[in-house]
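Visitor: I have a structure open and would like to learn how to read its features one at a time. Could you take me through it?

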Amino acid sequence: MSHTTYQQGMRIDWDVPIKMDDGLVLRADVFRPQEEGQYPVLMTYGPYAKGLAFQTGYPSAWNKMVSEHPDVPHGSSNLHQNWEVVDPEKWVPEGYICIRVDSRGTGRSPGYVDHFSPRETKDYYQCIEWAGQQDWSTGKVGLSGVSYFGINQWHVASLQPPHLAAMCVWEGSADWYRDMTHHGGILSTFWANWYDMQVRTVQYGLGARGGSSPISGMLICGDDMLSDAELAANRCDFGDEILAHPLDDKYHKERSPDWDKVTVPFLSAANWGGQGLHPRGNFEAFMRAASEHKWLEAHGLEHWTHFYTDYGRELQLQFFNYFLKDEDNGWDDRKRVQLQMRHPDRFEERFAEDWPLPETDWQKLYLQPAAQLLAETPPSQSAEIDFDALGDGLTFVTEPLKQQTAIAGPMSARLRVSSTTEDADLFLVVRVFTPDLREVVFAGAIDPHTPVAQGWLRASHRKLDPVLSLPYRPYHTHDVVQPLEPGVPVDLDVEIWPTSIVIPQGYRLALSVRGKDYIWQASTGARLSNFKNELLGCGPFLHDDPRDRPDSVFGGSTRLHLDPENPSFLSLPVIPQAAS
């Protein structure tokens with residue numbers, strides 16, 4: 001049953017019922033000012049259990065964040081910190097109501113677990129409309145949150161809830177196929193493992209097995225105690241369902257936004273190091289959503305960190321104050337794009353009016369067979385180079401750069417390839433090396449040692465969408481399989497996800513063409529409590545399911561055809577050094 005407490009200067013209504021159109025009741029915690037009145041709402045809807053504290057559920061991430069960023073815990077008791085949602089102790093005093101809803105089938109909300117499904121999106125719509133019509137609400141509802149709590153914002157915005165007034169999507173993927181489940185058509189095993197580690201552990205019906213909240217006193221996973229068989233019957237077979245849809249079919253499209261219908265004002269915050277999940281959707285949203293009022297920000301470090309630092313929180317506050325409180329705070333005068341440009345050892349802030357940056361100079365570096373160079377000119381003679389189709393592949397490296405070079409934007413590669421089998425998976429990695437050839441890696445969204453950028457493509461998925469493909473960003477339809485004829489070369493245009501890096505003079509840029517996931521080094525000792533695998537360079541975003549990549553199809557040998565008449569190249573977004 002719902003109840004109310006007063007603590008940390010807030011009125012907290014625990015386990016408030018929100019009834020859906022099919023009769024199912026979801027449960028929400030509502031944090032609001034103690035003073036009576038009407039306030040704008042910040043809402044999140046997701047599966048991580050509103051009663052599970054950040055510190056309890058994700059201790060390694062929390063401890064690292066607060067030890068390196070003391071502004072995060074400062075000014076709060078941190079009793080109400082939850083994974084990837086706002087701290088109400090820092091938002092309620094600013095005149096906001098913070099609402100956390102346990103999504104259907106998780107935490108204290110009963111029902112069938114089916115992530116990002118049309119049913120979930122409909123639930124979110126109804127929660128927004130419920131909040132917008134309460135006596136304590138101004139009628140303006142904002143959405144905020146990281147990752148899952150950002151992804152589903154794009155989805156529900158496509159339904160255009162009348163009370164939805166603004167969104168801050170912090171590292172929220174969008175396209176269920178291209179951003180999340182199939183990189184270039186290659187299955188990502190992330191979601192199957194995530195489901196085991198972060199959702200099944202807080203499924204509704206675990207009862208006392210799921211523990212209780214020391215703050216509210218309630219069982220985190222509901223009062224019902226269901227059997228293992230009952231729990232299994234109340235959730236989808238997430239990993240296997242994704243595997244069963246290898247093409248971009250209805251399953252994927254109904255879990256992706258309709259950009260023409262995303263019209264709400266939004267702030268889209270991307271992470272350069274989120275390769276495999278977090279950056280692409282934020283950039284695509286800024287480029288393609290119909291919203292008239294939209295802003296893009298890009299940063300580094302772990303994907304939860306800057307959401308909580310003063311930098312990120314103050315950025316969000318100015319945005320929401322403008323759209324939810326009608327404050328004349330200058331937000332509308334700021335440039336639409338704010339980038340924390342990466343250097344090997346620091347970040348440099350840069351503002352622009354659009355993305356890709358209008359001043360971008362699109363340059364090509366060609367793959368040279370001699371000494372495997374990346375060069376400004378095509379090769380003078382034809383050559384063929386083979387590599388193990390499931391192996392480490394080939395790396396092409398520039399000469400030492402004659403001057404500091406800044407790159408910011410999407411990249412792509414054109415490769416002419418053949419295979420000894422009917423298909424081939426290509427894993428492209430853009431890398432930077434010091435003058436003495438030590439690789440420069442970065443703290444990524446999940447992995448502490450990420451390369452500059454990555455891209456992927458399954459050769460049989462090479463068909464391009466002629467409307468959505470751009471000169472600097474190939475867009476694949478993923479609606480048909482075009483098998484290779486063994487030994488016959490084809491041209492592949494590979495999308496490489498957006499990035500930024502300022503490369504010092506004397507350093508080298510490199511492109512690796514691999515047959516498997518990037519590995520920085522064989523062992524790093526890097527782990528987080530909520531992921532199964534050791535973090536070796538790609539974080540948990542791996543492509544190692546043998547059911548998707550059987551040796552009979554993806555083994556053998558892959559050949560690069562390097563021709564003067566039809567050269568292979570890497571396309572780079574080079575930008576002027578001076579900040580605009």
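Visitor: Where is the place of Asn78?

Guide: Asn78 is in the loop between helix H2 (59-68) and helix H3 (88-91). Helices here are DSSP runs of H or I with at least four residues, strands are runs of E with at least two, and both are numbered from the N terminus. This is a predicted model, in which local features need pLDDT of at least 70, side-chain atom pairs count only at pLDDT 80 or more, and totals for chains, interfaces and linings use all residues. Residues are numbered from 1 along each chain as its sequence is written, and side-chain values use heavy atoms, with hydrogens and water left out.

Visitor: What is the phi of Asn78 near? And is Asn78 buried or exposed?

Guide: Its phi is near 65°, a positive value in a residue other than glycine. Asn78 counts as buried because its relative accessibility is 11%; buried means under 20% relative accessible area, exposed over 50%, and partly exposed in between (1.4 Å probe, protein chains only). Gln372 also deserves a look: it is not a glycine, yet its phi is positive, about 50°. Gln372 sits in the loop between S16 and strand S17 (373-375), and at 25% relative accessibility it counts as partly exposed.

Visitor: Which peptide bond is cis?

Guide: The bond from Trp355 to Pro356 is cis, with omega near -10°. Look for Pro356 in the loop between S15 and strand S16 (361-368).

Visitor: How should I read a pair of packed helices?

Guide: Two packed helices are described by the angle between their axes and the distance between the axes. Take helix H4 (residues 118-132) and helix H5 (residues 148-157): their axes come within 10 Å and cross at roughly 85°. The axes are lines fitted to C-alpha atoms, for helices over the stretch in contact, and angles run from 0 to 180 degrees between N-to-C directions. H4 and H5 are therefore roughly perpendicular to each other; that label covers 65 to 115 degrees, while under 35 is roughly parallel, over 145 roughly antiparallel and the rest oblique.

Visitor: Which residues of H4 and H5 meet?

Guide: From H4 come Glu120, Thr121, Tyr124, Tyr125 and Ile128, which meet Tyr148, Asn152, Gln153, His155 and Val156 of H5. Contact means heavy atoms within 4.5 Å. Those residues divide into five nonpolar, four polar and one charged. Here Ala, Val, Leu, Ile, Met, Phe, Trp, Tyr, Cys and Pro count as nonpolar, Asp, Glu, Lys and Arg as charged, and the others, Gly among them, as polar.

Visitor: How many residues of H5 are buried?

Guide: Ten of the ten are buried, so H5 is largely enclosed by the rest of the structure. Among them are Phe149, Ile151 and Trp154.

Visitor: Now the sheet. How do I read strand pairing?

Guide: Strands of a sheet pair through backbone hydrogen bonds, either parallel or antiparallel. This model has an open sheet of eleven strands with mixed pairing, in the order S1-S2-S3-S5-S4-S6-S7-S12-S13-S14-S15. Its edge strands, strand S1 (3-7) and strand S15 (347-352), each pair on one side only. Two strands pair if DSSP finds at least two bridges between them. The twist averages 20° from one strand to the next.

Visitor: Which strands run parallel, and which pair in the antiparallel sense?

Guide: S6 and S7 run parallel and are joined by six bridges; Gly145 stands opposite Val169 in S7. Strand S14 (residues 337-342) and S15 pair in the antiparallel sense over six bridges, and they form a hairpin with four residues between them. Within that pairing, Gln340 has Glu349 in S15 as its bridge partner. H5 packs on the sheet, touching strand S4 (39-46), strand S6 (137-146), strand S7 (164-170) and strand S12 (266-271), and its direction makes about 130° with that of S6.

Visitor: Which strands does H13 lie across?

Guide: H13 lies across S4, S6, S7, S12, strand S13 (294-299), S14 and S15, and runs at about 165° to S7. Seven of the seven residues of S7 are buried, so S7 is largely enclosed by the rest of the structure.

Visitor: And where does Phe396 lie?

Guide: Phe396 is in strand S19 (residues 394-397) and counts as buried, at 0% relative accessibility. Phe396 and Leu374 are 22 residues apart in sequence but 5.4 Å apart in space, C-alpha to C-alpha.
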